[in-house]
Amino acid sequence: MGEIVRDFVDKDVFFKMNYATSCEDCAHFDSSTVKCTFGYPTAPHLKEQQLHDVKTTGMVAFCRTQEID
Ligand code: SF4
């Protein structure tokens with residue numbers, strides 16, 4: 001598996017806008033198994049993890065294949 005790339009975000013704006021950037025917002029997410037139908041790792045892109053990463057580091061891992069559900 002390749003390295004997880006994280007991008008800097010504006011913390012205040014990210015929380016205020018509540019962007020749909022997580023697996024839970026994606027058409028390819030199976031919520032019953034918490035897996036991606038493409039087989040990509042979901043852990044870095046789950047909502048709770050993204051919020052935690054932004055809060056603690058100001059960075060977040062965006063999935064480049066996400067399709068808003
Ligand atoms: S495509 Fe990306 S955002 Fe969508 S479920 Fe898979 S890993 Fe998550």
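Student: What share of the contacts in the chain with a separation of 6 or more comes from residues 24 or more positions apart?
Tutor: Such pairs account for 59% of those contacts. Two residues are in contact if their C-beta atoms, placed from the backbone, lie within 7 Å. Keep in mind that this is a predicted model, where local features need pLDDT of at least 70, side-chain atom pairs count only at pLDDT 80 or more, and totals for chains, interfaces and linings use all residues. Residues are numbered from 1 along each chain as its sequence is written.

Student: What makes up the secondary structure of the chain?
Tutor: There are two helices and four strands, in the order β-α-β-β-α-β along the sequence. Helices (H or I, at least four residues) and strands (E, at least two) are DSSP runs, numbered from the N terminus.

Student: Why does His-45 count as buried?
Tutor: A residue is buried if 20 or more other C-beta atoms lie within 10 Å of its own, exposed if 12 or fewer, and partly exposed in between, with C-beta atoms placed from the backbone. His-45 has 24 C-beta neighbours inside 10 Å, so His-45 is buried. Buried residues make up 14% of the 69 residues in the chain.

Student: Where is His-45 found, and which residues does His-45 touch?
Tutor: His-45 sits in the loop between β3 (35-36) and α2 (47-57). Leaving out residues up to four places away in sequence, His-45 touches Ser-22, Cys-23, Gln-50, Ala-61 and Cys-63. His-45 and Phe-62 are 17 residues apart in sequence, with their C-alpha atoms 6.6 Å apart.

Student: How do you know that Val-34 is exposed?
Tutor: Val-34 has 12 C-beta neighbours inside 10 Å, so Val-34 counts as exposed. Val-34 lies in the loop between β2 and β3, and its phi is near 60 degrees, a positive value in a residue other than glycine. Most residues other than glycine have a negative phi.

Student: What makes Asn-18 exposed?
Tutor: Asn-18 has 9 C-beta neighbours inside 10 Å, so the exposed label applies. Asn-18 is in the loop between α1 (11-17) and β2 (29-30), with a positive phi near 50 degrees.

Student: Why is Glu-24 called partly exposed?
Tutor: Glu-24 has 16 C-beta neighbours inside 10 Å, so Glu-24 falls in the partly exposed class. Glu-24 is found in the loop between α1 and β2. Beyond its neighbours within four places in sequence, Glu-24 is in contact with Phe-29, Leu-46 and Lys-47.

Student: How do you know that Phe-15 is partly exposed?
Tutor: Phe-15 has 13 other C-beta atoms within 10 Å, so Phe-15 is partly exposed. Phe-15 lies in helix α1, and its C-alpha is 8.7 Å from that of Val-54, 39 residues apart in sequence.

Student: Which residues surround the ligand?
Tutor: Among them are Cys-23, Cys-26, His-28, Cys-36, His-45 and Cys-63. A residue is near a molecule if its C-beta atom, placed from the backbone, lies within 6 Å of it.
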